[in-house]
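Dear colleague,

Please find below the structure that I am handing over to you, followed by an account of what was found in it.

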Amino acid sequence: NETIITEPYISIHYRNTDMKHDIRKFIKKIKRLSKYHKIKYLFLASDDYSAYDTIKKNIPHIEIIRKSHPPKDLKGDWSYEATDKNTQLYEFLRDIYFILKSNHFIPSNKSSVSKSIIKMIQNNNTIIPNFYPNIEIHNV
C-alpha cells in the first residue's frame, strides 16, 4: 500500500524503545502545528508499537500514515533486532523518504537518525536525487 500524500503533512520520528522520549510532547506539538497550519495528515516513523494508537486517541481528527510497523515486543534498536534485515532496511529508507517530503518534521532529539535527517534538511543533502526539502524542523 504505497500511499502518496498530496497535501501538506507533518512527519515525526518517534523513538521510544531503548531510547525514551515523551509522547505527550510530540502530541502537543502535533496539535499545535496541525491547528495553526490546518494540516490533517501525519506521517509516523516509530519503533514504538503503541505510538499510532496513542496519537490517534489524543488527536482523533488527524489522519495518520505509517509505512513501518514495529513488532509489539520490540525492546531495543529495531535495526539490530529485526529478523528480516532487508525488509527493515527498506522500511527505514522509505520512512526517511516520507519525512524528507513532509512540510514539518518533529524529531526525537536523542536519536542519531533524527539528527542525521536534520543535517540532510539543513545541508540540502538528501537521499533523494535532485530533491531539496523545504521542511520546518520543530523540536519538542
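The expected span of a helix is 1.5 Å times one less than its number of residues. In this predicted model, helix α5 covers residues 112–123, twelve residues in all. From the first C-alpha to the last, α5 reaches 16 Å, close to the 16 Å expected at 1.5 Å a residue.

After α5 comes N124, whose phi is positive, near 50 degrees.

Which residues of α5 are buried? They are S114, I117, I118, M120 and I121. These residues lie on the same side of α5, because the arc they cover around the axis is only 160 degrees. The face turned away from that buried side carries exposed residues, namely S112, K119, Q122 and N123.

Is L42 buried or exposed? Buried means under 20% relative accessible area, and L42 has 0% relative accessibility, so L42 counts as buried.

Leaving aside neighbours within four places in sequence, L42 is in contact with I10, S11, I12, I30, I55, I62, E63, I64 and I65. As for I5, this residue is 37 residues from L42 in sequence, and the C-alpha atoms of I5 and L42 are 9.7 Å apart in space.

Yours sincerely

Key. Residues are numbered from 1 along each chain as its sequence is written. This is a predicted model: local features need pLDDT of at least 70, side-chain atom pairs count only at pLDDT 80 or more; totals for chains, interfaces and linings use all residues. Side-chain values use heavy atoms; hydrogens and water are left out. Helices (H or I, at least four residues) and strands (E, at least two) are DSSP runs, numbered from the N terminus. Buried means under 20% relative accessible area, exposed over 50%, partly exposed in between (1.4 Å probe, protein chains only). The arc is that of the directions from the helix axis to the C-beta atoms. Contact means heavy atoms within 4.5 Å.
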